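This report describes one chain of the structure shown below and its contact with a neighbouring chain.

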Amino acid sequence: MHKLMIVDDSNIIRNRIQRAYDSGQFMLVATATSGVSALEKFNTHRPNVITMDLTMPEMDGLECIEKIIAIDPEVRILVVSALSDKATGIEALSLGASGFLCKPFSEEELVEALYELVQD
Amino acid sequence: MKEQKLQVFVDIISNYFGLFGEDELVVDTPYLLENKQPQVHDYTGVIGISGAKKGVVYFTATTPLLSRILDSMGESDQGEDNLIDLTGEVANTISGNARKEFGSMFHISVPIVFKGAPQSIILPKNERSFIIPVTWQHQLGEIVVCLQD
């Protein structure tokens with residue numbers, strides 16, 4: 001069972017992600033609305049799979065990815081963001097993210113991205 | 001901003017609503033706002049743009065339009081918090097997706113969302129503002145784009 005943390009400042013997006021994943025494979029251990037909160041909850045709950053928004057108050061997603069990967073390089077992070085330029089995708093992956101899903105997304109796209117994340 | 005770039009925003013908003021099934025988004029003819037305050041509907045999400053371009057992008061919508069979007073997302077809670085959240089999320093998605101065209105130096109702020117009509121919305125001086133009216137399931141919204149060339 002994968003321990004999942006959802007990081008997004010939008011309640012609607014957090015709910016959409018919660019409704020989409022298979023509870024037989026993922027167990028939600030935490031949600032967070034900012035990078036600062038995500039970092040605190042990561043240290044408490046130690047999820048091995050994270051969905052991460054990028055545009056958030058306090059600490060943005062890219063900085064949060066860098067800090068989480070520094071603690072645990074094995075964690076799988078799926079970036080879920082509206083920032084659709086190539087440079088942002090490359091930066092996120094170079095910081096240690098494992099996948100990138102661009103908003104807006106369908107439920108099917110989200111489920112596929114989550115499963116790809118934990119395939120290997 | 002030149003008129004040709006408006007198509008970027010038309011494509012983004014059409015793609016957004018395209019995820020919600022068969023009801024097609026109707027994009028009316030965009031028009032130029034000159035020396036007037038922009039119209040706002042019930043909820044408005046404003047994104048500040050900085051970096052290579054400066055200006056604002058905002059999305060304004062009626063409550064029924066937002067409610068129908070929430071319905072399509074499977075979101076049963078249509079309280080004010082979620083209407084505000086959705087307005088900000090749509091504004092953020094429109095602006096964020098525009099970086100595919102304008103690049104990573106098109107910096108976007110976190111959205112500021114307000115309900116109702118403010119006394120005024122400050123748009124950058126000496127820049128033209130384009131209004132893109134949209135209708136979905138007979139409900140109204142608008143995207144307002146005001147960017148430096």
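Predicted model: local features only at pLDDT ≥ 70, side-chain atom pairs only at ≥ 80, totals over all residues.

In chain B, 37% of the 149 residues are buried; a residue is buried if 20 or more other C-beta atoms, placed from the backbone, lie within 10 Å of its own. Residues are numbered from 1 along each chain as its sequence is written, while chains are lettered from A and ligands numbered from 1 in the order in which they are written.Chain B contains four helices and eight strands, where helices (H or I, at least four residues) and strands (E, at least two) are DSSP runs numbered from the N terminus. Along the sequence, their order is α-β-β-β-β-α-α-α-β-β-β-β.

The C-alpha atoms of chain B occupy a box of roughly 40 × 30 × 25 Å along the principal axes. Of the contacts in chain B with a separation of 6 or more, 70% join residues 24 or more positions apart. Two residues are in contact if their C-beta atoms, placed from the backbone, lie within 7 Å.

The contact between the chains involves 19 residues from chain A and 20 residues from chain B. On the side of chain B that touches chain A, the elements giving two or more residues are helix H3 (80-97) and helix H4 (99-102) of chain B. H3(B) provides the largest share, nine residues. The table sorts this side of chain B by class.

| Class | Residues on the side of chain B that touches chain A |
|---|---|
| Nonpolar (Ala, Val, Leu, Ile, Met, Phe, Trp, Tyr, Cys, Pro) | six residues |
| Polar (the others, Gly among them) | eight residues |

Terms used. Buried ≥ 20, exposed ≤ 12 C-beta atoms within 10 Å, placed from the backbone.
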